[in-house]
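Subject: Handover of a structure

Dear colleague,

Please find the structure below, followed by an account of what was found in it. I would ask you to keep the view open while you read.

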Amino acid sequence: MVNPYFWGKEAIGVEVADRERKEMVDRWWEFVCPSERGSDDPMINPFADGAPGIMEGLGCCEKVIVTVAERDILRERGRLYHKRLVNSGWKGRAELYETEGEDHVFHIFDPDCDKARTLIKRLASFINQR
């Protein structure tokens, strides 16, 4: 999962202090997927009531890497997903990789920067591990 886009109504982590960006993401989601559940729709909040279990769909996976970026407002959601996966009883291996000083999907906007190259190398290394 590269910079996963998970969200929720209840602010966590940096979202608590950064109300402006929290509200911006809330509005984006409401525009993209209007629903009665808002940011607690299971399509964006894997921990909302009615969302599939965290291990659902991971039956054939032996390992998962979750990458986050330090300045990404969505960072805490990726970290939370990793933490809950590790503590879920899932028998696979889960890793968390954080890129310092960058924001959401920085590697797409500047694929030739050193940190993007490092991220891609880390992903390739993870995929090639046995």
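**Helix α5 and its surroundings**

Helix α5 comprises 15 residues, 114–128, and spans 21 Å from its first C-alpha to its last, close to the 21 Å expected at 1.5 Å a residue. The expected span of a helix is 1.5 Å times one less than its number of residues. Helices (H or I, at least four residues) and strands (E, at least two) are DSSP runs, numbered from the N terminus.

Please note that this is a predicted model, in which local features need pLDDT of at least 70 and side-chain atom pairs count only at pLDDT 80 or more, while totals for chains, interfaces and linings use all residues. Residues are numbered from 1 along each chain as its sequence is written, and side-chain values use heavy atoms, with hydrogens and water left out.

The buried residues of α5 are Ala116, Leu119, Arg122, Leu123 and Phe126. Seen down the axis of α5, these residues fall within an arc of 120°, so they line one face of the helix. The arc is that of the directions from the helix axis to the C-beta atoms. An α-helix has 3.6 residues a turn, so residues three or four places apart point the same way. The face of α5 turned away from the buried side carries the exposed residues Asp114, Lys121 and Asn128. Here, buried means under 20% relative accessible area, exposed over 50%, and partly exposed in between (1.4 Å probe, protein chains only).

The buried residues of α5 pack against β1 (63–69), β2 (93–99) and α4 (106–109). Strand β2 contains Glu95, which is buried at a relative accessible area of 19%. Leaving aside neighbours within four places in sequence, Glu95 is in contact (heavy atoms within 4.5 Å) with residues including Arg122, Phe126 and His82.

Helix α3 (residues 75–86) has 12 residues and reaches 17 Å from its first C-alpha to its last, close to the 16 Å expected. Its buried residues are Arg75, Glu76, Arg77, Gly78, Tyr81, His82 and Leu85. The elements covering them include α1, β1 and β2.

Ile12 lies in the segment before α1 (14–17) and counts as partly exposed, at 24% relative accessibility. Apart from neighbours within four places in sequence, Ile12 is in contact with Glu76, Arg77 and Leu80. Ile12 and Ile73 are 61 residues apart in sequence and 9.9 Å apart in space, C-alpha to C-alpha.

Yours sincerely,
A colleague
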